[in-house]
Amino acid sequence: MTTSSRTLGDLFDTFQREAFRLETLDDYSKSGNVDAYHAFLAGEPQPDDYNAGWVEELRSHTGKGKRVYRVHILRRPLTDYLRFELGWGYQKNMSGGEEFFILDVTDRPNPLQGVPDFWLFDSESVAVMNYDGAGKYRGSEVLSSERTAEFAGHRDAALTHAEPFTEWWAEYGA
């Protein structure tokens, strides 16, 4: 697999129109916000400054008319981690302008089985996110441009089968 010398951070710094994320795991608890996750599990209230850095990053993009959005492929019942991510993370990130969609595969086949987590920027650059079996982030790999159309197709398929998060959450949220 040919990769670029660019990094995920470079792609975030330089995208012009849109950044799309596909999430496929039901547990990212080893990948950041570990203390917040434990606070959530303990029943503590969400801190006012939860995810403040990411919300600020989002606003820096969405305030310029750029779109940041994601689809999460999941299955019910939700894991504790997904209840945390959707209940705390998605709700907070929406205040920065990020859009969320859910592809619920509880009662149907996953149309993207085997597709990894990734970011797609401006339909031109792809960064595959690598995680270990416990959901710990192991880094990203920016792919060569020959793979971009493949991942744009994954994005389009995900969006075709997904529904807006707010509608899904109103029906299934905790």
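Mentor: Let's start with a cut-off: a residue counts as exposed when its relative accessible area is over 50%, and as buried when that area is under 20%. Keep in mind that this is a predicted model.

Trainee: Thanks! Which residues on helix H3 are called exposed, then?

Mentor: Gly 53 and Glu 56 are exposed, and they sit on the face of H3 turned away from its buried side. By the cut-off, each therefore has a relative accessible area over 50%.

Trainee: And what makes up the buried side of H3?

Mentor: In H3, residues 52-62, the buried residues are Val 55, Leu 58 and His 61. Looking down the axis of H3, you find its buried residues within an arc of 120 degrees, so they line one face of the helix. Their cover includes helix H1 (8-14), strand E2 (67-74) and helix H4 (80-94).

Trainee: Why is His 154 called buried?

Mentor: The relative accessible area of His 154 is 17%. His 154 belongs to helix H5, residues 148-161.

Trainee: What does His 154 touch, leaving out residues up to four places away in sequence?

Mentor: Its contacts are Leu 112, Val 115 and Phe 118. Contact means heavy atoms within 4.5 Å, so His 154 has heavy atoms within that distance of each of these residues.

Trainee: Phe 118 is in strand E4, residues 118-121. Which way do the side chains of E4 point?

Mentor: Phe 118 and Leu 120 point one way, Trp 119 and Phe 121 the other way, and all are buried. In a regular strand, side chains alternate between the two faces of the sheet.

Trainee: How do you know that E4 pairs with strand E1, residues 18-23?

Mentor: Two strands pair if there are at least two bridges between them. E1 and E4 have four bridges, in the antiparallel sense, so they qualify as a pair. Within this pair, Phe 20 stands opposite Leu 120.

Trainee: What about E4 and strand E5, residues 125-131: what makes them a pair?

Mentor: The same rule works here: E4 and E5 share four antiparallel bridges, and at least two are needed, so they pair. Ser 125 in E5 is the bridge partner of Phe 121. Three residues lie between the strands of this hairpin, where Asp 122 takes a positive phi near 55 degrees.

Trainee: Why are E6 and E7 called edge strands?

Mentor: The open sheet has seven strands in the order E6-E5-E4-E1-E2-E3-E7, with mixed pairing. Strand E6 (137-142) and strand E7 (163-164) each have a single partner strand, so one side of each is left without a neighbour in the sheet. For a parallel pair, look at E2 and strand E3 (residues 99-104), with six bridges; there, Tyr 69 has Glu 99 in E3 as its bridge partner.

Trainee: What would you say about the second largest pocket?

Mentor: Its volume is about 210 Å³. Among its 13 lining residues, Thr 24, Ile 73, Arg 75, Val 105 and Asn 110 are the closest to the centre.

Methods. Residues numbered from 1 in each chain as written. Predicted model: local features only at pLDDT ≥ 70, side-chain atom pairs only at ≥ 80, totals over all residues. Heavy atoms only, no water. Buried < 20%, exposed > 50% of the residue type's maximum accessible area, 1.4 Å probe, protein only. Arc of directions from axis to C-beta. 1 Å grid on protein atoms, 1.4 Å probe; cavity = no way out; pocket = protein on both sides within 12 Å on 5 of 7 lines; lining within 4 Å. Points joined across faces, edges and corners; volume = space filled by probe spheres on them.
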